[in-house]
Amino acid sequence: QVQLVESGGGLVRAGGSLRLSCAASGSIGSINEMGWYRQAPGKQRESVAVITSGGRTDYADSVKGRFTISRDNAENTVYLQMNSLKPEDTAVYYCNARRVVVGTIYLEVWGQGTLVTVSS
């Protein structure tokens, strides 16, 4: 079992910054990809940023140049640094951990979500 605990959400004005954290525990040896997803009211959940165990990163076009995903392997923690926040970034942000092999997901765990609200 893998457990994820998120922190760092809150209210910020447009143009401001926030850093989200996701601490993983349990059987994390099987995990080879972690990421952040978000879901705004009335919208589907979407991928924001992903980082693999090899350090490869991928970002949604809407956040490129503003958000940075990183990981601390010693602490089993993934971070999402969000700069130049916009009102449209308002959403519940979810941490995700998965084991992916040749495009097939064999294990997937979600955090409880943390709310990010960006005021104009």
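A word on the ground rules: the model is predicted, so local features need pLDDT of at least 70 and side-chain atom pairs count only at pLDDT 80 or more, while totals for chains, interfaces and linings use all residues. Residues are numbered from 1 along each chain as its sequence is written, and side-chain values use heavy atoms, with hydrogens and water left out.

The secondary structure is quick to list: zero helices and eleven strands. Helices (H or I, at least four residues) and strands (E, at least two) are DSSP runs here, numbered from the N terminus. Read along the sequence, that gives the pattern β-β-β-β-β-β-β-β-β-β-β.

What about overall dimensions? The C-alpha atoms fill a box of roughly 40 × 25 × 25 Å along the principal axes. The radius of gyration is 14 Å, which agrees with the value near 14 Å for a compact globule of 120 residues; this radius is taken over C-alpha atoms, and the globule rule is 2.2 Å times the number of residues to the power 0.38. Of the 120 residues, 42% count as buried. Buried means under 20% relative accessible area, exposed means over 50%, and partly exposed is in between (1.4 Å probe, protein chains only). The accessible surface comes to about 6,300 Å², and 47% of it belongs to carbon and sulfur atoms; these areas come from the Shrake-Rupley method with a 1.4 Å probe, and for residues only the protein chains shown count as cover.

Next come the charges. The protein has 12 positive and 10 negative charges, and their mean positions are 2 Å apart. Lys and Arg count as positive and Asp and Glu as negative, leaving out His and the chain ends, and each charge is placed at NZ of Lys, CZ of Arg, CG of Asp or CD of Glu. Side chains of opposite charge can pair when their charged atoms come close. With a salt bridge defined as a side-chain nitrogen of Lys or Arg within 4 Å of a carboxyl oxygen of Asp or Glu, the count is six.

One of these bridges joins E33 and R98, with the closest N and O atoms 3.8 Å apart. The pair links distant parts of the chain, since E33 sits in strand β4 (residues 33-39) and R98 in strand β9 (residues 91-101), 65 residues apart. Both E33 and R98 are buried. R98 also meets E108 in a salt bridge, at 2.5 Å from N to O. E108 lies in strand β10 (residues 104-110), so this pair ties together parts that are ten residues apart in sequence. R98 has 12% relative accessibility, whereas E108 is partly exposed at 33%. Elsewhere, salt bridges that share partners join R38, E46, R66 and D89 into one network. Within it, R38 and E46 have their closest N and O atoms 2.7 Å apart; R38 is buried at 6% relative accessible area, and E46 is partly exposed at 37%.

Finally, the backbone. Most residues other than glycine have a negative phi. N76, however, has a positive phi near 50°. N76 sits in the loop between β7 (67-72) and β8 (77-82) and is partly exposed, at 31% relative accessibility. V102 also has a positive phi, about 50°, without being a glycine. V102 lies in the loop between β9 and β10 and is exposed, with a relative accessible area of 82%.
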